[in-house]
Amino acid sequence: MILKNNLMDLNSVGSKFTWFNNHVDYPIHIKLDRALVNDSWMRAYPESYSSIQSPYCSDHCLILLHSGFFQQVSHCFQFKNYWTNFDSYWNVILDAFSAPITGNPLAHLCNTLKKVKICIKKENWSSFNSVKRHMESLLTSQRELLEKLHAKPNNHMYNLSLKEINVNIVKFNAIQTSRISQRDKLNWLKHGEDDLNFLFGKIRYRRGSSNSVGNLLASSPDTSRSDVASSIIRHFQTLYNPSPPTCLNLEGFPTGILLPNSFVDVLTSSVNDVEIKDAVFGGSSTSAPGGIKSFFTKGYLPLGIKATALYIVPKHKNAFAISDYRPITLCDVVYKIIAKVIASRLKPMMPVIINQTQSGFVKSRSSTDNILLASEILAYANKKKGANLFCAKLDIRKAFDTVSRDFVLARLIQKGFPNTLVNWIKMCISDVHYSIVLNGALEGYFSSSAGLRQGCPLSPYLFCVVMDALSCLLEERGFKGISADNFSLSHLLYADDVLVFGEASLENCQKLASILSDFGNATGLQINLDKSAIIFSKHQNFHQDICNTLSIHNITTKITYLGIPLSFQRLKIEDFFPLVDNINKKMNGWKANLLLFAARLQYLKFTIQNTIGYWIRGTILPKTIVKFLKKASSRFLFFYDSTQTRKLHMLSWDVICRPKQKGGLGVSSFNAMQFGFNCSVILRMYNSITPLSSWLLSKYRSPWRQPPSYATKLWQSVCRTAHDAKSSFYFKITKSATISFLWDHWCFNMTIDEFMGTEFIFPDCTLGKLYYENH
């Protein structure tokens, strides 16, 4: 009934649950009561919301409907893509940039952009409302002409006017689609049709759910908008101006891998037009802003360019406290060009200087490798007799927002980066001022002393340099991780997601606690102990003593790392329910009802399957889950509702997954996705030096070797793929090759046994090791 009537759940504030069964032994709290509205309501009352009140004498909570807040505010200036369709826009641009450069080129560029903004605001087409009004006028004229043509269908003037109006309607419809797509950021729609009903509905729904001022005002109805804005500004002012680190001495921090001298000249060489053009246009333009160069020659960056807008979005539904909101930084476009040029020079250096355990933002390293390796290690420890291990997931409190900028710069110098580059970076990350975006309006303007902006192209690389210091401390101070054969590992990192493996002894945990304390005191990055978690192998008996030492008291049987569950024990079906819930949420509801078949096909290919593919790359999905996903995907595609069970499908899922040339729709099957990922694991195992490849080679030697009894489900799946695709893999022999002498088909596409015969006994080692032993 809800789906058939295109109803949606209105944004609510207050309590998360609306019903309680009043049982103490088996309590049930659930959201049974909702305020449901349709698309017409959202058009009429875009700021409306519902509030969950106290239940009083009932077991159900009272729900109040609020029309919303209609205070008029001045919205901040935003570029709209459709402007480029108007000739007058280009006249404004040409007039502004034709003026001769005076003073500092970068300051002149900023002043010119300000003038452009003022001129554009005066134009009628700058407001999207004027575009919508013109579109309504065209539709009205179209209807009037059609009525006249009913009486005089051969009238030349009427037909000519109708043709002109139809051309304009097509033009302004494209403008509407461009603007709506830009606002909603649904990239998958570029692969299919423009579904304006879906786009408008999505924006109205998102507008209500992310209405920060509305939610915060609703939680305190007696508070004015200005008071709420002031409290938000104070909150972020405190966040971005913490107490300085108590110890900034880097003498106690191991350097790790230094930047090779051969890279110094590359980092500090003169910035050319090609680099700037690549940063701005990706190589598709014929010109580059000349003002950008002045920064790299004179080192001057106006404060206005570094000024940043903070857009706050709720972390979850029913958000009512400021701590329930996440800040997203919106940087100036000129600043982003400068930062992108520096970042493009830093990017090739990261694989060289950053520890192999860090997989975030480093080229050729994959986040799913960390998940697979962690899963393999926990499975190995579970089967190993006498294993005394723990695995801790550490949550860093407000990581990017609280990191010490002084530590970042000092660490860059310690790693051997040239002073010129460090000064460029210092100019970019220091003296940053923030304003808060509240319902489209800018509020406040305050300085900051710490933090890296997550919207800045430099921030991921600089943060990796900071986290590399933690890797060096763990390796240099004798913290005992997990060891097996020739492999050892103490931790895995993906940006600020930290996973630590260690020997579960008090002495070892005291070392870890000391390392984390020293790291936090120097960098400003403190561990959020309440959100951190720890799991133990089945042979560990001193849980409480270790938890007291680490101050982590959240003992569990499984942890979620990068969205995938991990455990020493075998995962159960219910551990995959988050994937099922996520897929159901994406497939069902008002959004699916607004999509046509072609749009649902694109949504399935580029959104649903990407979500499923991520889980396939991180774990082995149980057959029950795969069966459900097939049925749900097919029902969604044909009936826009994955819960429909009694309707006849036009095609089977296997036919849908065939290529278009063979009568299918080109949707990837889950088996094909798993097969392709397994092939990529085999490829990376031989061609890249990563912790995962080192582990697989150390434990299993070769995917063409019979899987041992302790092999995990992942490795068994990889071996099956290797057997089926054996003829597609070819080996290139080098002096340091990790090719198995005994098991791999390196000798004329045959194994050594197949080539020489089974009467010979050959060593089970790599070709690289055999080469060095004989030379």
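Let's start with the sheet, where four strands line up in the order E15-E16-E10-E17, forming an open sheet with antiparallel pairing. The edge positions belong to strand E15, residues 491–494, and strand E17, residues 533–536; each has a single partner strand, so one side of each is left without a neighbour in the sheet. From one strand to the next, the twist averages 10°. Please keep in mind that this is a predicted model.

Let me zoom in on one pairing. Strand E10, residues 389–395, runs antiparallel to E17, and four bridges connect the two. If you want a landmark there, look for Ala-392, which stands opposite Ile-534 in E17. Helix H21, residues 543–550, packs on the sheet and touches E10 and E17, with its direction at about 150° to that of E17. Then there is H15, which lies across E10, E15, E16 and E17 and runs at about 155° to E15.

So what else does H15 do? Together with helix H27 (670–687) and helix H28 (691–700), helix H15 (367–383) is among the elements covering the buried residues of H29. Those buried residues in H29 are Leu-714, Trp-715, Ser-717, Val-718, Cys-719, Thr-721 and Ala-722.

While we are around H15, have a look at the loop between helix H14 (350–353) and H15, because that is where Phe-361 lies, and Phe-361 counts as partly exposed at 36% relative accessibility. Its phi is near 65°, a positive value in a residue other than glycine. Leu-562 is found in the loop between strand E18 (558–561) and strand E19 (564–567). Is Leu-562 buried or exposed? Leu-562 is buried, with a relative accessible area of 17%; the cut-off for buried is under 20%.

Now let me take you to another set of strands, around E6, residues 49–52. Which way do the residues of strand E6 point? Tyr-49 and Ser-51 point one way, Ser-50 and Ile-52 point the other way, and all are buried. Strand E2, residues 12–14, runs parallel to E6 and is joined to it by three bridges, with Val-13 having Ser-51 as its bridge partner in E6. E6 also pairs with strand E7, residues 63–66, in the antiparallel sense over four bridges. There, Tyr-49 stands opposite His-66 in E7.

Back to helices, and a pair that I like. How do helices H17 and H18 cross? The axes of H17 (residues 405–414) and H18 (residues 419–429) come within 10 Å and cross at roughly 170°. H17 and H18 are therefore roughly antiparallel to each other. From H17, the residues that meet H18 are Arg-405, Val-408, Leu-409, Leu-412 and Ile-413, and on the H18 side they meet Val-422, Ile-425, Lys-426 and Ile-429. By class, that contact has seven nonpolar, no polar and two charged residues.

Two serines to finish the tour. Ser-294 is found in helix H11, residues 291–298, and at 5% relative accessibility it counts as buried. Leaving aside neighbours within four places in sequence, Ser-294 is in contact with Asn-104, Pro-105, Leu-106 and Gly-299. Ser-230 sits in helix H8, residues 225–239, and counts as partly exposed, at 33% relative accessibility. Ser-230 and Glu-443 are 213 residues apart in sequence, yet their C-alpha atoms are 8.4 Å apart in space.

And that brings me to the whole chain. The chain has 31 helices and 19 strands, and buried residues make up 47% of its 775 residues. Among contacts between residues at least 6 apart in sequence, 68% join residues at least 24 apart. Thanks, everyone!

Notes
Residues numbered from 1 in each chain as written. Predicted model: local features only at pLDDT ≥ 70, side-chain atom pairs only at ≥ 80, totals over all residues. Heavy atoms only, no water. Axes fitted to C-alpha atoms, helices over the stretch in contact; angles between N-to-C directions. Parallel < 35°, antiparallel > 145°, perpendicular 65-115°, else oblique. Contact = heavy atoms within 4.5 Å. Nonpolar A, V, L, I, M, F, W, Y, C, P; charged D, E, K, R; others polar. Buried < 20%, exposed > 50% of the residue type's maximum accessible area, 1.4 Å probe, protein only. Pairing = 2+ DSSP bridges.
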